[in-house]
Amino acid sequence: MADVSNICESADEIEQPVVIGPEAYVSPDYAHDEQARLWRKVWLQAGRLEDIPNVGDFVTFDILTDSVIVVRTGADSIDAYYNVCPHRGRRLVDTPPGQRNARGTKNNFICGYHGWTFGIDGKNSYVEHEADWNGSLCGGRADLGTVKVDTWGGWLWINLDPESGPLSEYLDPAARMLEPYQLQNMRPRWRKWVVFECNWKVAMEAFCETYHVNTTHPEFMEFGQFRGWARNQKLHSNIGYEAPKGQEEDSGKLRLGIGDARLSTAEMQNFTWENANTNTTRTLVDVANRLADELPEGTPAAEVSAYWIQTAKAEDAARGVIWPTVDPTHTAQAGTAWQIFPNFQIGHAVNNMLCYQARPYKLGDADHCIFEAAVYELWPEGEAPETEWTYTEPQDWPPVLQQDFNNMAAVQQGMKNVGFRGAQPNPYMERSVASLHMNLAKFMGIGAPRKAEGRND
Ligand code: FES
Ligand SMILES: [Fe+2]
């Protein structure tokens, strides 16, 4: 019998050291069970609203063997259906080879096998030789099955469980805390995806903590060290940095650096733009590059920061890009990124965001995931570029992300070592890892973090 007395089931309990067994990361049985216990029960981010602006626009979203069509059915209405023909089960909308998902516009969906046809309302509108069924194709039997769908933050969210609670309840407090950032107004700058050789949790956990930054991304150490925190937030969690007092920071991501703040800010911004292409915008980089010209030598760091942010904000406003205003006390609470249970991360700021999602690749395969990242920002009205999800081999991702990829592949290997005794996340800086597994265990019934032996409670 497994000892259940040392299992952590509450936010308090994961504030202390825990151990997380490798099963959730490497077990094919666990991976298989995730479909019924997890993926068919939770709200999942399934696309962006701007991808379906007009009536009849649709996107598909696949999660393991399940596939969903999300379609705009009216100016203010979105519906979702199982992507399967009710006649004999042909997948209704195919994913074009090599693409992440299908996307297009239709007045109706026609099955490629025998021609059954469905309106965008999901109702069957044509069956060849319908009379042969003697009137039995009634009561919705010839219609598409409906899937729960809702929107928040500019995203489409689906839930395969008809009994699931509302999205707003599910997302709390993440949605409430992120509301001031007006994420629905952002549009992508780039979107990349790849099938990667690690479990989806290993992928998500490579980005949900700041503890790895000094070792994995040592280049960032030059720009000053900040202590990161992580907090449980019901099903979700968030992370942030403790910003130095008196420093006007948009968020912990906008670091000033050390030494001459004018120069180090520019250096940091250029490095980030070139090597990560995220967490900043062209405006912030351009203004940073002028700081040495526009401010006298010896300007205190806090003043450099304030000037940089205020100038960038004003220049964006002049081109029609209005940053929302967020109260500094709220910024401190909201941190720099939210881990939305189970598999989505939003790295928010007032003018840009970086989002990650990882899903299992094949049913029962613990060792591969579909990993994707998208970088968004605010654009002047009508100037957001058209972007598509681009399949990108690991070596073609921004260099900073490749550093994370190296860890992800090696963690998946390492966790299978018979000598691995379970993960021991930093109780303060990596609490998001413990939070994920505490919540996963509520769905999966196994895999909860255990109190570390020798813990003093
Ligand atoms: S399977 Fe779709 S029409 Fe036959
Ligand atoms: Fe990283």
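Q: Which handedness does the crossing of α7 and α8 have?
A: In this predicted model, helix α7 covers residues 261-275 and helix α8 covers residues 282-294. Their axes lie 8 Å apart. The crossing of the two helices is left-handed.

Q: How do the residues of the contact of α7 with α8 divide into nonpolar, polar and charged?
A: From α7 come Arg-262, Leu-263, Thr-265, Ala-266, Gln-269, Asn-270 and Trp-273. From α8 come Leu-284, Val-285, Ala-288, Asn-289, Leu-291 and Ala-292. The division is eight nonpolar, four polar and one charged.

Q: What is α8 relative to α9, oblique or roughly antiparallel?
A: Helix α9 spans residues 301-318. Its axis comes within 9 Å of that of α8, and the two cross at roughly 130°. Roughly antiparallel needs an angle over 145 degrees, and roughly perpendicular runs from 65 to 115. The angle makes α8 oblique to α9.

Q: Which handedness does the crossing of α8 and α9 have?
A: The contact involves Thr-283, Leu-284, Val-287, Ala-288 and Leu-291 of α8. On α9 it involves Val-304, Trp-308, Thr-311, Ala-312, Glu-315 and Asp-316. These residues divide into seven nonpolar, two polar and two charged. The crossing of α8 and α9 is right-handed.

Q: Where does Asn-277 lie, and what is its phi?
A: Asn-277 sits in the loop between α7 and α8. Asn-277 is partly exposed, because it has 17 other C-beta atoms within 10 Å. The residue is not a glycine, yet its phi is positive, at about 50°.

Q: How many residues does the largest nonpolar core have?
A: Among the residues with the most contacts inside this core are Val-68, Trp-157, Ile-158 and Ile-346. Strand β18, residues 369-377, gives the largest share, seven residues. Another core lies apart, with 10 residues that include Ala-261, Leu-284, Leu-291 and Ala-301. The largest core has 100 residues.

Q: Which residues is Ile-158 in contact with, leaving aside neighbours within four places in sequence?
A: Ile-158 is among the residues with the most contacts inside the largest core. Its partners are Leu-44, Ala-46, Phe-61, Val-68, Val-70, Ala-80, Val-147, Lys-148 and Val-149.

Q: Is Tyr-181 buried or exposed?
A: Tyr-181 lies in the loop between α4 (174-178) and β12 (187-196). Beyond four places in sequence, Tyr-181 touches Pro-324, Val-326, His-348 and Val-350. It has 24 other C-beta atoms within 10 Å, and 20 or more are needed to count as buried. So Tyr-181 is buried.

Q: How far apart in space are Tyr-181 and His-348, C-alpha to C-alpha?
A: In sequence, Tyr-181 and His-348 are 167 residues apart. In space, the C-alpha to C-alpha distance is 7.3 Å.

Q: What is the phi of Gln-182?
A: Gln-182 lies in the loop between α4 and β12. It counts as partly exposed, because 17 C-beta neighbours lie inside 10 Å. Its phi is positive, though the residue is other than glycine, and is near 50°.

Q: Which peptide bond is cis with omega near -5°?
A: The bond from Asp-172 to Pro-173 is cis, with omega near 0°. Pro-342 lies in the loop between β15 (337-340) and β16 (344-348). The cis bond with omega near -5° runs from Phe-341 to Pro-342.

Terms used:
Residues are numbered from 1 along each chain as its sequence is written. Chains are lettered from A and ligands numbered from 1 in the order in which they are written. This is a predicted model: local features need pLDDT of at least 70, side-chain atom pairs count only at pLDDT 80 or more; totals for chains, interfaces and linings use all residues. A nonpolar core is a set of buried Ala, Val, Leu, Ile, Met, Phe, Trp, Tyr and Cys residues joined through C-beta atoms within 7 Å. A residue is buried if 20 or more other C-beta atoms lie within 10 Å of its own, exposed if 12 or fewer, and partly exposed in between; C-beta atoms are placed from the backbone. Helices (H or I, at least four residues) and strands (E, at least two) are DSSP runs, numbered from the N terminus. Two residues are in contact if their C-beta atoms, placed from the backbone, lie within 7 Å. Axes are lines fitted to C-alpha atoms, for helices over the stretch in contact, and angles run from 0 to 180 degrees between N-to-C directions. A crossing is left-handed if the near helix is turned anticlockwise from the far one by less than a right angle, and right-handed if clockwise. Ala, Val, Leu, Ile, Met, Phe, Trp, Tyr, Cys and Pro count as nonpolar, Asp, Glu, Lys and Arg as charged, and the others, Gly among them, as polar. Angles under 35 degrees count as roughly parallel, over 145 as roughly antiparallel, 65 to 115 as roughly perpendicular and the rest as oblique.
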